[in-house]
Amino acid sequence: MAKASPSFVCQNCGAAFNRWQGKCESCGEWNTLVEEAGDSAVPVSIRAKRRGRPFKLESLAGKSVDAPRLPSGMAELDRVTGGGFVRGSVLLVGGDPGIGKSTLLTQATSLMARSGHRAVYISGEEAVAQVRLRAERLGLASAPVELAAETSVEDIIATLSEGATPRLIVIDSIQTMWTDTVESAPGTVTQVRASAQALIRFAKKSGAAIILVGHVTKDGQIAGPRVVEHMVDAVLSFEGEGSQQFRILRAVKNRFGPTDEIGVFEMTGLGLREVANPSELFLSERDLGSPGTAVFAGIEGTRPVLVELQALVAPTTLGTPRRAVVGWDSARLSMVLAVLEAHCGVKLSGYDVYFNVAGGLRINEPAADLAAAAALVSSLANSPLPTDAVYFGEISLSGAVRPVAQTAARLKEAAKLGFARAILPETARGDAPSDAGMALQTVGGLTSLVADIAARGTPRPAGRDTASSEKNATPARFRRQEG
Ligand code: TYD
Ligand code: MG
């Protein structure tokens with residue numbers, strides 16, 4: 001009988017090779033190949049004997065019950081999933097260790113159980129006593145959640161197949177699960193994939209909704225089971241800066257709902273608290289009147305979110321100036337800096353640039369360009385921006401300020417939070433409601449914005465360093481180059 005050839009599987013991306021090598025050719029990672037026994041414990045010769053079983057084909061027009069959803073009772077979680085857990089679906093929740101995945105799911109299962117649904121929480125990482133302890137701290141100990149500390153997928157499925165089908169099953173975490181059908185060690189790609197496959201099959205067959213918890217590596221990938229991302233119906237990522245209380249739940253993939261919605265939570269002593277109005281939270285500790293901050297009126301999914309962008313532009317001591325970005329795309333920052341340099345005569349090559357989005361939010365919208373540019377120029381010119389103004393607009397490579405979607409929603413949110421004026425693209429004025437309740441100041445190009453901020457550059461408060469404040473007040477750096 002032919003001996004099965006060994007298989008070396010990359011623990012990062014799941015690619016398989018028939019010999020060991022230092023670098024995975026598929027994803028480029030080093031030292032990630034581990035020898036694993038193949039997926040198939042059943043020899044090919046036996047499997048080949050099994051005859052295919054004919055199945056019934058359906059028509060497209062057929063009547064199907066539309067994805068029946070069960071809301072979790074946590075509005076922020078439901079917003080991200082698209083309205084609740086879909087029967088028979090599998091959801092992967094990823095996030096850094098300690099970010100609060102177990103807390104979130106303990107709260108979700110408890111709420112489900114309290115509203116009369118069978119909810120099961122299987123922990124492969126913590127003992128039952130530890131899970132109980134957390135529930136006690138959260139004040140949820142009385143919820144009729146069914147609890148177990150188990151790691152064998154076969155045992156879990158056998159147990160859950162008895163009695164009424166659970167409505168929600170949490171598996172915390174998929175990396176700790178193992179199945180008899182493959183020989184690899186728990187945590188390897190092959191084990192994780194096989195375990196996930198078995199659980200997904202169970203979910204589809206039984207109609208239970210399953211949530212798999214997955215750990216994330218330092219570069220933001222869901223460790224090992226990147227392959228799992230393709231198998232599940234939805235992937236949610238739970239993010240946040242360790243030092244901050246805010247946690248953001250974001251859909252990375254969703255077969256049954258939107259992928260641009262965010263759910264905002266605050267970690268408190270009593271677990272995660274939902275934040276219904278994130279703008280208030282992100283603006284709660286604003287540094288009023290200091291240069292380098294601009295308020296961006298953004299849209300996350302269907303919800304407008306106001307957030308403070310912070311920039312610090314400081315003379316560099318390095319050959320290559322530093323560009324450090326948190327919460328925004330560094331390529332986008334480079335682009336805005338290049339446009340400022342090329343079209344507005346703002347010389348930044350001698351300056352380090354630090355950029356931060358307050359509150360731990362991550363912004364993906366191009367509409368943030370204008371606010372980012374305003375913050376950068378404000379810091380460079382030492383010229384605080386008006387504290388009652390919001391900014392939004394996309395900047396094109398030519399230096400023009402382009403319109404963005406949902407002007408009305410952005411203005412409404414800003415007005416609600418007490419802002420009195422908006423700096424927005426010229427072409428967006430048409431979309432603005434006449435009763436916006438705000439002064440609208442349009443900008444056609446970045447040059448006029450820069451000139452405006454530079455002109456307002458106020459000297460630093462007297463008594464500190466008058467010489468340097470004078471230098472700042474006459475911004476030679478802003479002189480437009482002739483030609
Ligand atoms: P946990 O849910 O165990 O994180 P994960 O499952 O993602 O690894 O949460 C761990 C952190 O949350 C821990 O540092 C303590 C903090 N925490 C609170 O601040 N308040 C609480 O009520 C709970 C339960 C946890
Ligand atoms: Mg955990």
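Contact here means heavy atoms within 4.5 Å. With that in hand, take helix α10, which lies across β15 (293-300), β16 (303-315), β18, β19, β22 (421-425) and β23, and runs at about 30° to β16. This is a predicted model, where local features need pLDDT of at least 70, side-chain atom pairs count only at pLDDT 80 or more, and totals for chains, interfaces and linings use all residues. Residues are numbered from 1 along each chain as its sequence is written, chains are lettered from A and ligands numbered from 1 in the order in which they are written, and side-chain values use heavy atoms, with hydrogens and water left out.

A few terms before the tour:

- Helices (H or I, at least four residues) and strands (E, at least two) are DSSP runs, numbered from the N terminus.
- Axes are lines fitted to C-alpha atoms, for helices over the stretch in contact, and angles run from 0 to 180 degrees between N-to-C directions.
- Two strands pair if DSSP finds at least two bridges between them.

**The nine-stranded sheet**

- Nine strands make an open sheet with mixed pairing, and their order is β8-β7-β9-β10-β6-β11-β12-β13-β14.
- Its edges are β8 (146-149) and β14, each of which pairs on one side only.
- From one strand to the next, the twist averages 25°.
- Inside this sheet, β6 (residues 90-95) and β11 (residues 234-239) run parallel and are joined by five bridges; look for Gly-94 opposite Ser-237 in β11.
- Over at β13 (residues 262-268) and β14 (residues 271-274), the pairing is antiparallel, with four bridges.
- Those two strands, β13 and β14, form a hairpin with two residues between them, and Glu-266 has Arg-273 in β14 as its bridge partner.

**Helices lying across that sheet**

- Helix α3 (residues 101-114) lies across β6, β7 (119-123), β9 (168-172), β10 (209-215), β11, β12 (246-254), β13 and β14, and runs at about 155° to β7.
- Helix α4 (residues 128-137) lies across β7 and β8, at about 140° to β8.

**Around ligand 1**

- There are 16 residues around ligand 1, and Gly-98, Lys-101, Ser-102, Thr-103 and Thr-268 come nearest; to count as near, a residue needs a heavy atom within 4 Å.
- Some polar contacts show up too (pairs of N or O atoms within 3.5 Å; within protein, one must be able to donate a hydrogen and the other to accept it, and residues adjacent in sequence count only if both atoms are side-chain atoms).
- Thr-103 puts a polar side-chain atom 2.6 Å from an oxygen atom of ligand 1.
- Gly-271 uses a polar backbone atom, 2.8 Å from an oxygen atom of ligand 1.
- Ile-99 also has a polar backbone atom in the picture, 3.4 Å from an oxygen atom of ligand 1.

**The seven-stranded sheet**

- Seven strands form an open sheet in the order β17-β18-β16-β15-β19-β22-β23, again with mixed pairing.
- The edge strands here are β17 (323-326) and β23 (439-443), and each pairs on one side only.
- Ignoring direction, neighbouring strands are turned by 25° against each other on average.
- β17 pairs in the parallel sense with β18 (residues 351-357) over four bridges, and Val-325 stands opposite Phe-355 in β18.

**Helix α10 and its helix partners**

- Two packed helices are described by the angle between their axes and the distance between the axes.
- α10 (residues 369-381) packs with α12 (residues 446-455) at an angle of about 35°, with axes 9 Å apart.
- Where they meet, α10 brings residues including Leu-370, Ala-373 and Val-377, while α12 brings residues including Leu-449 and Ile-453.
- This contact of α10 with α12 has 10 nonpolar residues, one polar and no charged; Ala, Val, Leu, Ile, Met, Phe, Trp, Tyr, Cys and Pro count as nonpolar, Asp, Glu, Lys and Arg as charged, and the others, Gly among them, as polar.
- Helix α9 (residues 330-344) packs with α10 at about 60°, axes 10 Å apart, also in a right-handed crossing.
- In the contact of α9 with α10, eight residues are nonpolar, none polar and two charged; among the residues that meet are Arg-332 in α9 and Asp-369 in α10.

- The peptide bond from Asp-172 to Ser-173 is cis, with omega near 5°, and Ser-173 sits in the loop between β9 and α6 (189-206).
- Asn-382 has phi near 55°, a positive value in a residue other than glycine, and lies in the loop between α10 and β19 (389-391).

Definitions and conventions:
Left-handed = near helix turned anticlockwise from the far one by under 90°.
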